[in-house]
Amino acid sequence: MPRNRCIVLVLLTMTGIAFLAPARASAQEIGFVLGRFVGDDLLERAPVIGPLGSVTITDATVYGGRITIGAVLFAFEVSVIYTPTSVTLGVGDTTMSAKFLYGDASLVFQILPGPVSPFVAAGIGLHRISWGEPDIDSYTTIGYNAGVGIRFGLGGLGVRADLRDHITPIKLPDLDPDLVNLLGLQGDVVLHNFELSATLLLRF
């Protein structure tokens, strides 16, 4: 089955599960996200990194929003997460800006539904990296996310904390050749960038 069809099937299945949960406890939430982005070290992920001592994605502030449609146990979530970070090259500590944008659809399982509710989440979406060099094209691919969190809610307001792993496969043939040469990459990479965030929730 083509990859695009698989993605559509997964998203439709996740949506269906969320809406099949008991309607009497359904709720919608919109959340405003602020937190910390913890960047990956490419040296630990790539097969070969040429002569460089390290290639690191630096930590930065993360911003975003989440919309959740849910019920007792399951919820369907759409999120947009953005962080303006940079890539540090080990030789001479050269830096290049890199802006990460994650647009994901996720399924959230609430372990203990109630005013205080721990949860686990996983999803799929589009991940885009815009590089700081004007002659280097941005990179967009299908990516994933998985994580845990806890929600505190009372009435129409709430707050939640998330620890989310944003998983971005990088295929060498799809990267701008100038970027491949700059980083010294010799193989495909799977980035694991972490989001540690707090979200203000409005429930309606």
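I started with R151 and listed what it touches: E29, Q110, P115, V116, S117, F119, V159, R160 and L201, leaving out residues up to four places away in sequence. A reminder to myself: this is a predicted model.

Next I looked up where R151 sits, and found it in strand β7, which covers residues 139-154. Is R151 buried or exposed? I got a relative accessible area of 8%. The cut-off for buried is under 20%, so R151 counts as buried.

Then I checked which side chains R151 makes polar contacts with. One partner is the side chain of E29, at 3.3 Å. Another is the side chain of Q110, and that contact is 3.0 Å. Both E29 and Q110 were already on my list of residues touched by R151.

On to the largest nonpolar core. I noted 25 residues in it, and V87, F100, I129, W131, L183 and L191 touch the most other members. At least two residues each come from β1 (27-38), β2 (55-57), β4 (74-89), β5 (94-110), β6 (116-131), α3 (177-183) and β9 (189-203). Which strand gives the most to this core? I found that β5 does, with four residues.

I took a closer look at F100. Again skipping residues up to four places away in sequence, its contacts include F37, I57, I81, Y82, I129 and L191. R128 and N193 are also among them.

Last, I turned to the surface. A nonpolar patch there is formed by V38, L73, F109, I111, L112, V120, V148, L163, F194 and L196, with about 800 Å² of accessible area together. I picked out F109, which is in strand β5. F109 has 30% relative accessibility, so I put it down as partly exposed.

Notes. Residues numbered from 1 in each chain as written. Predicted model: local features only at pLDDT ≥ 70, side-chain atom pairs only at ≥ 80, totals over all residues. Heavy atoms only, no water. Core = buried A, V, L, I, M, F, W, Y, C linked by side-chain atoms within 4.5 Å. Buried < 20%, exposed > 50% of the residue type's maximum accessible area, 1.4 Å probe, protein only. Contact = heavy atoms within 4.5 Å. Polar contact = N/O pair within 3.5 Å; in protein donor to acceptor, adjacent residues only side chain to side chain. Patch = residues over 30% accessible without salt bridge, like charges linked within 9 Å, V, L, I, M, F, W, Y side chains within 5 Å. Areas by Shrake-Rupley, 256 points an atom, 1.4 Å probe, with all protein chains shown as cover. Salt bridge = Lys/Arg side-chain N within 4 Å of Asp/Glu carboxyl O.
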